[in-house]
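Biologist: Please pick one part of this model and take me through it closely, with the cut-offs behind each term. I would like to see how that part relates to the rest of the chain.

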Amino acid sequence: MSCKISCLRGYCLTLGSLLLILCVCGIGFCLFMLFGDPLAHKTQDTYAGPNWENIGPAFVASIISLLANLCLIGGVKQQSREIVLFWIVWKILLIVMFWSWFSYSQLKYHGYIDWREHGMRRCYWCDLPEAKYVGLGGALATLCLFLIMLPVISFHHKLKRRVRELTEYDLSNVIYHPSTYKY
């Protein structure tokens, strides 16, 4: 099934706006985890202080995702295939970054990586009974992200095709014969 470029444009604008709101929520959550020490009594005193191994990648990913979603909205408005491609590449890198963080946490939990003497903490969430849902949730989030990326990739391909059609020249067959040359 093929959508017109205007339909894909509306989808990309809506997606960029929704993901922009989600990124602002992610930044707020990271700031809560970073400066949540005064609010520890509201979390039943379960807050153990900032853990940069978890907060750092999430904070960086939220900020860059915020900028990438702004770029998606602007790239769709301008119909710039390079800016839309930046969004696609960032989302793929975001997936790779999540699975790298998840693998690092699992390796640290099972004792393959032990940097506690250098100040690193153990995996906090790995001991929780809900830990098995982190991998399942990550797999579902990866699948959903790939599915919502498909129309954006289709929009990017249509933009590439439009640029290619506008820049190709329809050259007529020119027959060169030496007798028609004028020296």
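Modeller: Helices here are DSSP runs of H or I with at least four residues, strands are DSSP runs of E with at least two, and both are numbered from the N terminus. By that rule the protein chain has four helices and zero strands, in the order α-α-α-α along the sequence. This is a predicted model, in which local features need pLDDT of at least 70 and side-chain atom pairs count only at pLDDT 80 or more, while totals for chains, interfaces and linings use all residues. Residues are numbered from 1 along each chain as its sequence is written, and side-chain values use heavy atoms, with hydrogens and water left out.

The part I take is the aromatic cluster formed by Phe98, Trp99, Trp101 and Phe102. Rings of Phe, Tyr and Trp (the six-membered ring of Trp) count as a pair when their centres lie within 6.5 Å; planes under 30 degrees apart are stacked, over 60 edge-to-face, and the rest tilted. The structure holds four such pairs. In one of them, the ring centres of Phe98 and Trp101 are 5.8 Å apart and the planes meet at 40°, so this pair is tilted. Phe98 also pairs with Phe102, and that pair is stacked, with 6.3 Å between centres and 20° between planes.

Why do Phe98 and Trp101 lie about one helical turn apart? They are three residues apart in helix α3, which spans residues 81-109. Phe98 and Phe102 are four residues apart in α3, and therefore also separated by about one helical turn.

Exposure is given as relative accessible area: under 20% is buried, over 50% exposed, and anything in between partly exposed (1.4 Å probe, protein chains only). Phe98, at 27%, is partly exposed, whereas Phe102, at 15%, is buried. Across the 183 residues of the protein chain, 32% count as buried.

Contact means heavy atoms within 4.5 Å. Leaving out residues up to four places away in sequence, Val84 touches Leu72, Gly75, Val76, Val152, Phe155, His156 and Leu159. Ser80 sits in the loop between α2 (52-78) and α3, and is buried at 14% relative accessible area. Beyond its neighbours within four places in sequence, Ser80 is in contact with Gly75 and Leu159.

The whole structure has one salt bridge, a term for a side-chain nitrogen of Lys or Arg within 4 Å of a carboxyl oxygen of Asp or Glu. Arg81 and Glu82 form this bridge, with 3.5 Å between the closest N and O atoms. Arg81 is partly exposed at 30%, and Glu82 is partly exposed at 46%.
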